[in-house]
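Here are my notes on this model, as numbered points. Please read them with the structure open.

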Amino acid sequence: MKQDIPGTIMFDGALAQKGYALNRMCFSFNSAENRAAFLKDEEAYCRKYGLSAEQRAAVKSRSVLRMIEAGGNIYYLAKLAGIFGLNVQDIGAQQTDVSVSEFKRRLEAAGR
Amino acid sequence: MARIIGGVASTHVPAIGKAIAEKKQNDPYWKPFFQGFDYVHQWLAREKPDVAVVFYNDHGLNFFLDKLPTFAIGAASEYRNEDEGWGIPVSRSLKGYPELSWHLINQLVADEFDITVCQEMLVDHAVTIPMALMWPGETWPVRIVPVSINTVQHPLPSVARCFKLGQSIGRAIDSFAENLRVMIVGTGGLSHQLDGKRAGFINKEFDTLCLDKIANDPLALTRYSIHDIVAEAGAQGVELLNWVAMRGALTGKVSEVHRNYHIPISNTAAATVVLNNQAIERRKVA
């Protein structure tokens with residue numbers, strides 16, 4: 001994983017291969033039926049998509065940084081986050097370890 | 001002959017779709033962004049485009065990592081939106097223009113852009129939100145040709161390559177025999193980052209530079225590498241590629257006639273520009 005821009009992930013071939021199963025599962029969440037199936041039995045749903053142990057643990061932890069580490073791409077992960085009613089400010093706050101109101105304050109400050 | 005009348009670039013943040021559905025245009029949070037479209041509406045009413053060629057990036061509605069084209073073009077008579085999984089309302093469909101699509105495809109491949117051709121293509125919020133912003137009414141009075149640029153999986157096409165793609169499409173439109181008024185749309189951006197410990201990154205200084213260069217000195221932007229763009233504009237700020245392709249397609253004398261820039265909309269520095277394209281008279285063959 002290229003890490004030379006601090007705090008930034010280049011989703012490249014290595015990550016695209018590593019994260020394929022996890023991203024494929026998240027891609028399936030375009031369907032409401034699949035979102036419901038995940039909520040009904042998360043364990044079985046993850047098994048069906050063949051998540052690695054690392055990916056399964058990351059999903060279980062709900063940590064976006066861990067899911068990214070396991071090869072997740074943010075555009076697909078956002079569909080998973082949506083199942084839990086989380087938007088990009090919520091997951092931004094989680095990844096930067098601040099409250100959502102502090103995260104929003106920082107965004108506003110960037111405009112000044 | 002078809003005539004390129006100008007270009008519009010617009011942010012396409014999904015939250016805008018929700019704000020429209022909930023009629024929040026005049027809320028203090030949203031107003032500085034939505035009022036940036038007042039001029040766009042006047043411009044469209046005056047310029048009356050027939051067709052919009054839309055450069056955008058798919059976020060996992062039509063394309064997945066199983067088959068991910070670097071450049072893809074729609075050749076359908078209708079483009080549908082569907083559930084994208086993050087709770088924004090599904091948009092109405094858009095009309096396509098297969099004759100123009102195939103003309104562009106033929107010219108692009110002849111010009112060594114070996115583009116993926118899609119007779120079926122779902123379009124996501126990156127197309128439907130700018131449409132809803134430009135035409136907030138009940139109908140969309142243009143047909144579209146969507147052109148998708150990969151901004152999901154590296155390696156991404158370079159800024160210079162996207163500019164050349166736009167130039168090739170611009171030349172192809174100029175040679176289309178029908179009497180059409182064509183506008184070019186580039187969606188997404190400007191600076192933002194959704195993922196990683198730098199999530200929330202916004203760079204007003206770099207955005208201002210991009211806005212200053214896009215009309216009059218786009219070649220300055222093509223000198224940046226993708227790595228530079230990620231560093232300066234954030235991981236998802238690479239959507240600038242759609243803006244650069246749009247600018248490339250403006251083949252005449254280009255001038256900026258409108259600009260709006262507002263931080264933040266969701267996690268993003270939101271920007272809207274309108275560029276006029278004045279056709280350069282070609283020397284008549286004696």
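1. Start with the second largest pocket. In chain B, α1, α2 (31–34), α3 (38–47) and α5 (125–134) each supply at least two residues of its lining. The largest share, four residues, comes from α5(B). Keep in mind that this is a predicted model.

2. The second largest pocket has a volume of about 590 Å³. It is lined by 27 residues, and B:Gly17, B:Ile20, B:Ala21, B:Ala132 and B:Pro136 are the closest to its centre. By class, the lining holds 13 nonpolar, nine polar and five charged residues.

3. The largest pocket has a volume of about 770 Å³. Its lining draws on both chains: α7 (74–83), α8 (88–96) and α9 (100–110) of chain A and α1 (14–21) of chain B each give at least two residues. Of the 37 lining residues, A:Asn87, A:Val88, A:Gln89, B:Ala15 and B:Ser266 lie nearest the centre. The lining divides into 17 nonpolar, 14 polar and six charged residues.

4. Now the interface. Chain A brings 39 residues to the contact and chain B brings 36. About 3300 Å² is buried between the chains, with 62% from carbon and sulfur atoms. On the chain B side, B:Phe64, B:His154 and B:Leu194 lose the most area to chain A, together 17% of what that side buries.

5. How many salt bridges are counted between chain B and chain A? The count is one. The side chains of A:Arg35 and B:Asp83 form a salt bridge, at 2.8 Å from N to O.

Technical notes. Residues are numbered from 1 along each chain as its sequence is written. Chains are lettered from A and ligands numbered from 1 in the order in which they are written. This is a predicted model: local features need pLDDT of at least 70, side-chain atom pairs count only at pLDDT 80 or more; totals for chains, interfaces and linings use all residues. Side-chain values use heavy atoms; hydrogens and water are left out. On a 1 Å grid over the protein atoms alone, a cavity is a set of points where a 1.4 Å probe fits but cannot get out, and a pocket is an open set with protein on both sides within 12 Å along at least five of seven lines; lining residues have an atom within 4 Å of a point. Grid points are joined across faces, edges and corners, and a volume is the space filled by probe spheres set on the points. Ala, Val, Leu, Ile, Met, Phe, Trp, Tyr, Cys and Pro count as nonpolar, Asp, Glu, Lys and Arg as charged, and the others, Gly among them, as polar. Contact means heavy atoms within 4.5 Å. Buried area is the accessible area (1.4 Å probe) that two parts lose on being put together, summed over both. A salt bridge is a side-chain nitrogen of Lys or Arg within 4 Å of a carboxyl oxygen of Asp or Glu.
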